Amino acid sequence: MAREIATLAGGCFWCVEAVFDDVIGVESVESGYTGGHVANPTYKQVCNGDTGHAEAIRVAFDPDVIGYGELLDIFFHVHDPTQLDRQGNDIGPQYRSAVFPHSPEQEAEAKAAIDRARADWPDPIVTRVEPEAPWYSAEDYHQEYFAREGASSGYCVMVVAPKLAKFRKGYAARLKA
């Protein structure tokens, strides 16, 4: 079985991690930081917005089950790619919309996915296609946060759960059993 990696930043990593955990063909999802200039950043440093990192997810997937392009289509469906350096009330460059391709083929597909997504959004898409950068895993308490804390976290109830519901409604055929 082939395995590929997709690295995506769509605001708070808790939101996008919860969505991709449910996708058929996704083997694992890890929350972390990428695209910055500080080695081994902490959550507190990234939240300050001056390390250059984005909160992101690293998705390991089987391309024989789900293609990179389809993962990107889901990504553009479940976050707002028209908001510059923010997602809702999460504001700062660490919440930017970005794709970090791992190959020239992924870069071309990312640009094609942006073109496809334009029809779904009334405002211009500001998602960046950024060069692959060092990956830093987020602290353990961020991993699978929605799965562990969703029902008891006000943020998860108000922000993550609606994104997950939108995904499940629009992509029922792509859900894990």
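How many bridges join β2 to strand β8 (residues 135-137)? The number is 3, and β2 and β8 run antiparallel. The views below are taken from a predicted model, in which local features need pLDDT of at least 70, side-chain atom pairs count only at pLDDT 80 or more, and totals for chains, interfaces and linings use all residues. Residues are numbered from 1 along each chain as its sequence is written, and side-chain values use heavy atoms, with hydrogens and water left out.

View 1. Helices (H or I, at least four residues) and strands (E, at least two) are DSSP runs, numbered from the N terminus; two strands pair if DSSP finds at least two bridges between them. Val26 stands opposite Phe61 in β3.

View 2. Of the 7 residues of strand β1 (residues 4-10), 5 are buried, so the strand is largely enclosed by the rest of the structure. Buried means under 20% relative accessible area, exposed over 50%, and partly exposed in between (1.4 Å probe, protein chains only). Antiparallel pairing joins β1 to β3 through 5 bridges, with Ala6 opposite Val59 in β3. Strand β6 (residues 97-99) also pairs with β1 in the antiparallel sense, over 3 bridges; here the bridge partner of Leu8 is Val99.

**View 3. Helix α6 and its kink.** Helix α6 (residues 154-170) has 17 residues and reaches 24 Å from its first C-alpha to its last, close to the 24 Å expected at 1.5 Å a residue. The expected span is 1.5 Å times one less than the number of residues. A kink of about 35° lies at Val160, shortly before the proline Pro162; the bend at a residue is the angle between axes fitted to the seven residues ending there and the seven starting there. Pro162 is partly exposed, with a relative accessible area of 42%. Leaving aside neighbours within four places in sequence, Pro162 is in contact (heavy atoms within 4.5 Å) with Cys156 and Val157. The C-alpha atoms of Pro162 and Val78 are separated by 9.4 Å, although the two residues are 84 residues apart along the chain.

**View 4. The buried residues of α6 and their cover.** Cys156, Val160, Lys163, Leu164 and Phe167 are buried in α6. Their cover includes α1 (13-21), α3 (68-78), β4 (86-87) and α5 (145-149). Helix α3 has 8 of its 11 residues buried, so it is largely enclosed by the rest of the structure; among the buried residues are Tyr68, Leu72, Phe76 and Val78.

View 5. Lys163 of helix α6 is buried yet has no salt bridge, and the nearest side chain of opposite charge, Asp90, is 7.0 Å away. A salt bridge is a side-chain nitrogen of Lys or Arg within 4 Å of a carboxyl oxygen of Asp or Glu; Lys and Arg count as positive and Asp and Glu as negative, while His and the chain ends are not counted. Not counting residues up to four places away in sequence, Lys163 touches Cys15, Val19, Val78, His79 and Gln87. Gln87 belongs to strand β4 and is buried, with a relative accessible area of 8%. Beyond four places in sequence, Gln87 is in contact with Gly10, Gly11, His79, Asp80, Tyr95 and Lys163.
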